Amino acid sequence: MSTENIKFAYWVPNVSGGLVVSNIEQRTSWDIDYNRKLAQIAENAGFEYALSQIRFTAGYGAEFQHESVSFSHALLAATTKLKVIAAILPGPWNPVLAAKQLATIDILTEGRVAVNIVSGWFRGEFTAIGEHWLDHDERYRRSKEFIEALKGIWTQDNFTYRGDFYRFSNYSLKPKPLQQPHPEIFQGGSSRAARDMAASVSDWYFTNGNTVEGIKAQIDDIRAKAAANNHQVKIGVNAFVIARDTEEEAKAVLAEIIAKANPDAVNAFGHEVKNAGASSPEKEGNWAKSTFEDLVQYNDGFKTNLIGTPQQIAERIVALKAVGVDLILSGFLHFQEEVAYFGEKVLPLVRELEAKKLAKAA
Ligand SMILES: Cc1cc2nc3c(=O)[nH]c(=O)nc-3n(C[C@H](O)[C@H](O)[C@H](O)COP(=O)(O)O)c2cc1C
């Protein structure tokens with residue numbers, strides 16, 4: 001097991017409607033004042049990262065969406081320790097714009113920006129904004145070139161690159177970002193193409209919620225391939241956290257979220273995400289096997305089962321760490337209150353269990 005403490009990130013609610021496709025009451029807002037305060041609560045609670053979302057159009061509840069890079073900068077300006085991961089979609093962005101924009105933000109925020117390269121699953125969004133929709137594996141081939149170009153621009157002078165999607169000739173970015181060798185690069189997915197990209201170019205691999213066994217299988221696969229490529233990649237797993245003083249209360253909240261789910265929106269989302277994993281050549285990947293209940297949370301976050309008392313959740317987090325997870329990406333119903341509760345009640349138990357395990361191993 002890693003000797004490093006497991007890290008915690010939260011989803012930035014920069015789109016409206018929260019993280020569940022349900023009519024349950026959510027005391028979460030997508031506006032900047034709410035989000036600034038949330039970021040401050042999170043960094044004080046022990047969260048190291050915040051992940052903002054990129055969306056260009058409404059879909060299944062996310063009627064309003066703030067742009068991810070500019071919103072991330074605002075959160076960085078309101079905090080002092082938190083790293084904010086800005087999401088970028090190849091297509092609307094090209095690597096040189098992303099590299100320049102993020103290098104400037106990195107300098108302005110003393111080295112606290114990171115990036116999530118999104119490969120896309122929402123065909124309707126691409127059509128709406130006039131972007132060409134590539135086949136599943138082509139989207140990842142483009143993302144891989146995007147990441148290679150980003151790294152090249154950030155670390156080299158006279159950068160020259162000849163890809164199928166991007167070309168550079170003797171380009172020198174000045175100034176370079178502050179973080180060395182470069183700001184951390186995250187990506188999401190579960191499909192073969194997503195894993196292969198993680199095993200060759202990404203610093204971090206994010207995956208949808210899953211069981212410990214399902215996550216272990218993915219990690220073993222990625223780490224074996226990464227080792228063959230002489231590459232190291234860290235793993236983040238999505239989880240929708242419902243921590244309550246009793247297990248009954250936590251389970252009742254889950255039951256209410258699902259009972260109040262909006263069936264038309266969940267089914268429409270389920271239909272749309274078939275453009276993701278299910279459209280990959282191997283027909284696996286994100287959402288390929290998701291049930292109606294799983295889809296009520298955008299990224300299968302109930303499956304990770306961080307739903308229960310602080311003690312139960314802490315034990316399950318340490319079990320995830322034991323199979324190789326480096327970071328828990330968490331979503332909540334009422335973000336401000338629940339991030340604070342997590343920091344107060346769950347995180348200290350995780351640190352205790354980690355210390356006990358390390359002492360035992362020694
Ligand atoms: C943690 C995480 C965060 C993601 N963030 C976004 C996002 O902000 N915007 C978006 O359009 N897609 C987002 N995605 C979707 C992925 O970039 C990718 O398109 C999707 O997971 C398809 O995976 P697949 O290849 O396994 O089917 C995210 C995925 C994960 C796992």
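In this predicted model, helix H3 (residues 95-108) comprises 14 residues and reaches 20 Å from its first C-alpha to its last. That span is close to the 20 Å expected at 1.5 Å a residue. After H3 comes Glu110, with a positive phi near 50°.

Leu150 belongs to helix H5. Its relative accessibility is 0%, so Leu150 counts as buried, the cut-off being under 20%. Beyond its neighbours within four places in sequence, Leu150 is in contact with Pro95, Ala98, Ala99, Val115, Ile117 and Ile185. The C-alpha atoms of Leu150 and Asn94 are separated by 9.4 Å, although the two residues are 56 residues apart along the chain.

A helix pair was examined next. Two packed helices are described by the angle between their axes and the distance between the axes. The axes of helix H11 (residues 310-322) and helix H12 (residues 335-361) come within 9 Å and cross at roughly 50°. H11 is therefore oblique to H12. The crossing is right-handed. On H11, the contact is made by Pro310, Gln311, Ile313, Ala314, Glu315, Ile317, Val318, Lys321 and Ala322. H12 contributes Tyr341, Phe342, Lys345, Val346, Leu349, Val350, Leu353, Glu354 and Lys357.

Definitions and conventions
Residues numbered from 1 in each chain as written. Predicted model: local features only at pLDDT ≥ 70, side-chain atom pairs only at ≥ 80, totals over all residues. Heavy atoms only, no water. Helix = DSSP H or I, 4+ residues; strand = E, 2+ residues; numbered from the N terminus. Expected span 1.5 Å × (residues − 1). Axes fitted to C-alpha atoms, helices over the stretch in contact; angles between N-to-C directions. Parallel < 35°, antiparallel > 145°, perpendicular 65-115°, else oblique. Left-handed = near helix turned anticlockwise from the far one by under 90°. Contact = heavy atoms within 4.5 Å. Buried < 20%, exposed > 50% of the residue type's maximum accessible area, 1.4 Å probe, protein only.
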